Amino acid sequence: MTSLNAPLLASSSLLSPPALCFENVAFNHEDKVLLGPCSFTLEGTGPTLVMGPNGAGKSLLLRLAHGLILPTQGRVAWSSEGTPRQAMVFQQPVLLRRSAVANLIHALAVNNIPRRQRSKLAFDALERFGLSACAHTPARVLSGGQQQRLALARAWVLSPQVLFLDEPTSALDPAAIKAVEAAVREFHQRGTRIVMTTHDIHQARRLAGDVLFLSSGKVREHTLAEAFFDAPVSRQAQAFITGELVE
Amino acid sequence: MNRMLNLVLAGITSFGLAFSAHAEDYITLASTTSTENSGLFDAILPKFEDATGIEVRVVAVGTGQAFEIARRGDADSLLVHDTAGEQRFVENGFASERADVMYNDFVLIGPADDPANIREAESAAEAFAAIAEAEAPFTSRGDDSGTNRAELRLWKSAGVEPDGDWYRELGSGMGPTLNTAAAMDAYVMSDRATWVAFGNPQNLTLLFEGDEVLFNQYGSLLLSEEKHPHLKHELARQWHNWLISKEGQQAIADFKVDGQQLFFPNAK
Amino acid sequence: MENNAFYVALSLLLNLDTSLFQIVVLSLQVSLLAVVIAAMLGFPLGAAVALWRFPGRGGVIVVLNALMGLPPVVAGLMVYLLLSRAGPLGEWGLLFTPGAMIIAQVVLVLPILAALSRQKVEELLGEYREQFMSLGMSRGRMMPTLLWDARFALLTILLAGFGRASAEVGAVMMVGGNIDGVTRVMTTAIVLETGKGNLPLALGLGIVLLTLVMLINAGAYLVGELTRRRTG
């Protein structure tokens, strides 16, 4: 693993981050197949946008990829030696009941960053995400947009090689959405592999490098963004893009 | 985790030590609530401590429990009032020595209007029989204390099997039993000391006293060195000897509540 | 006037009677120390039961919940038999000392702290689980984070434990012996004075006890509110 002390080195290179490979992965719950079986590889620079209607299995796919749940069959593999450093930003940010800066310091502490470096890393990240003014504000009383930015800052201090985002803007107003998208671009520029779900097609157009389209638990398409939006192949994707109701 | 546990244990022990450290010379005396509640110990223990430097820590419980505490080796000395039980305790080898220390007497307390008319009784047995005859409410300690044991002997001598709605066994100490009797306007047998010092008589008054069978002998016991070698036998012997010495007996006689002597020293 | 319990309580407090002072200090020492010890053991225990899955876990939870209602005299009796010279820990010579009273109150308070903190920590864990896993935290590492984030609930639980400790009489009476100047605390003094028929004095002591408990609760509430406002 590269040292977390040198995030700038990572950001200067736009080398492809580790590739993520789903090998015949499926997830069942009580005999009901909720996802897959599916096989695909996320390589290139992304960002990868996972799209599809509600209940298509987007969140499930993200959690399987991140290792929060284990697949019923198949396996999730990485091109890197071992599992890469990764982080996840949830739809509802889960923040600890302490100040904004303490949330970041906690994340650094559990990742065994030496104590004397934590404070500087934390305050730098707060500044980068425009949260310096509320460093000592209880995280729980921040606005929705600020909370999501804090969750992104928490991911940032961990210098992840892969960042998962699960509908990070679905509960936010336009200004906050803009800030989150800017942050996603920063991660991308730093060389982080982005895997993000959204049901907002416009957001996907703004951010996507490639698109993974799901419906009813199946991967219907995995193509570059331009190809997906200009000439979707699957019937479900065509319907989704034209705004029809897709099951 | 282990270190924390050690710390905790060290904390407890040092706390315990801190409290016992200020008087290394002390004994634990198991005794009865009647002696404690009357204030006798408050009067005589300072005199003993002045004379010997030994602090006496009194655990005041019912006589039955006091015997049990001594039997398990949790007290250094015993001062109770159940002569028959005390003699058995010596015979069974739990105590090596017993001495008469003092007596007080039991008195019969009841509502001032005295529905069973025990004021007129000639003897204690007659008074008890009259209460049973009238089925007037009677509250009994019912706690196997010395007082309770004496009361049961008196019913027997009156030829009465106390039973029925009028006879209430409380399972309480002397004080709580008096409180209950006061609330119920019931008859009750109490040791004189607790009665005189009792602060909540309400409608109760002393109705019968003076029969010799009501005398209540207190004995001091030295516990067995063989059974409980860890006890402070040397200090306990000093206490025992002081109680039956001239000074000790004088201290007991000098203890008065409202000008009334409550305990009568009678060491031989 | 002298028979009025409030008058008695007031004059007890105003005269700063030394033996009363001693009793109050001992009561606080015993109960506070018991609660602190019970918290050091009970909070990690409660959090551990919330965090780990093991065979018999349901049984442990039921037992902890049931022990919250353990009658003080039963706790007292158990500790008495344990510490009695004839008992397994008789060598320690702790019976009829404040140490014995602390142990008895720890036995009473620990299930309350463990059972209630288990509940609270489990609730919080449900909320935090995915984030914790995402951060790659082990269960052992989750424990301090959860306990700290549950701190306001734990403070309330701590007060419930202190309430139980300072209010009980059965256990401390049995293992302490209510020895004047050594193991006499507020509650046992109240029992004694009731036995003597000194009802106004007994009630006066009760009012003093109640006042103390209220002051401690008010203090804890204020501290909690101030920090809550600052850290959310």
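**Exercise 1. Helix α4 of chain B**

Task: Find the residue just after α4(B) that takes a positive phi, and give the angle. Then state which residues of α4(B) are buried and what they pack against.

Solution. 
Step 1. The residue is B:G73, and its phi is about 80°. The model in which this angle is read is a predicted one.
Step 2. Turn to the helix itself. The buried residues of α4(B) are B:T63, B:A66, B:F67, B:I69, B:A70 and B:R71. A residue is counted as buried when 20 or more other C-beta atoms lie within 10 Å of its own.
Step 3. List the partners of these buried residues. Among the strands of chain B they pack against are β1 (26-32), β2 (55-61), β3 (77-80) and β9 (215-223). The helices in the list are α5 (83-91) and α7 (146-157) of chain B.

**Exercise 2. The domains of chain B**

Solution. 
Step 1. Domain 1 of chain B brings 21 residues to the contact, and domain 2 of chain B brings 18 residues.
Step 2. The largest share, four residues, is that of α2(B).
Step 3. Sorted by class, this side of domain 1 has 13 polar, six nonpolar and two charged residues.

**Exercise 3. The sheet of chain A**

Task: Write the strand order of the three-stranded open sheet in chain A, and explain why β2 and β4 of chain A each have one side without a neighbour in the sheet.

Solution. 
Step 1. The order is β2-β1-β4 (chain A), with antiparallel pairing.
Step 2. β2 (32-42) and β4 (73-78) of chain A are at the edges and have a single partner strand each, so one side of each lacks a neighbour in the sheet.
Step 3. On average, and with direction ignored, neighbouring strands of this sheet are turned by 20° against each other.
Step 4. Look at one pairing in detail. β1 (residues 20-29) of chain A is joined to β2(A) by seven bridges in the antiparallel sense. The bridge partner of A:L20 in β2(A) is A:L42.
Step 5. α2 (residues 58-66) of chain A lies across β1, β2 and β4 of chain A, and runs at about 120° to β1(A).

**Exercise 4. The helices of chain C**

Task: State how many helices and strands chain C has, then describe how α2(C) and α5(C) pack.

Solution. 
Step 1. Chain C has 10 helices and zero strands.
Step 2. Its C-alpha atoms fill a box of roughly 65 × 50 × 25 Å along the principal axes. Of the 232 residues in chain C, 47% are buried.
Step 3. Consider contacts in chain C between residues at least 6 apart in sequence: 79% of them join residues at least 24 apart.
Step 4. Two packed helices are described by the angle between their axes and the distance between the axes. For α2(C) and α5(C) the angle is about 35° and the axes are 5 Å apart. Their crossing is right-handed.
Step 5. The contact of α2(C) with α5(C) has 26 nonpolar, five polar and two charged residues.

**Exercise 5. Contacts between chains**

Task: Which chains share the most contacts, and which chains are joined by no contact?

Solution. 
Step 1. Two pairs of chains are in contact, and chains B and C share the most contacts. Here 25 residues of chain C meet 29 residues of chain B.
Step 2. On the chain C side, α2 (18-51), α5 (98-134) and α9 (186-195) give two or more residues. α5(C) supplies the largest share, with four residues. By class this side has 13 nonpolar, nine polar and three charged residues.
Step 3. Between chains A and C, the contact takes 17 residues from chain A and 13 residues from chain C. On the chain A side, β5 (86-89) and α3 (100-110) give two or more residues, and α3(A) gives the most, with three residues. The classes on this side are 11 nonpolar, three polar and three charged.
Step 4. No contact joins chain A and chain B; their closest C-alpha atoms are 20 Å apart.

Definitions and conventions:
Residues numbered from 1 in each chain as written. Chains lettered and ligands numbered in written order. Predicted model: local features only at pLDDT ≥ 70, side-chain atom pairs only at ≥ 80, totals over all residues. Contact = placed C-beta atoms within 7 Å. Nonpolar A, V, L, I, M, F, W, Y, C, P; charged D, E, K, R; others polar. Pairing = 2+ DSSP bridges. Axes fitted to C-alpha atoms, helices over the stretch in contact; angles between N-to-C directions. Left-handed = near helix turned anticlockwise from the far one by under 90°. Buried ≥ 20, exposed ≤ 12 C-beta atoms within 10 Å, placed from the backbone.
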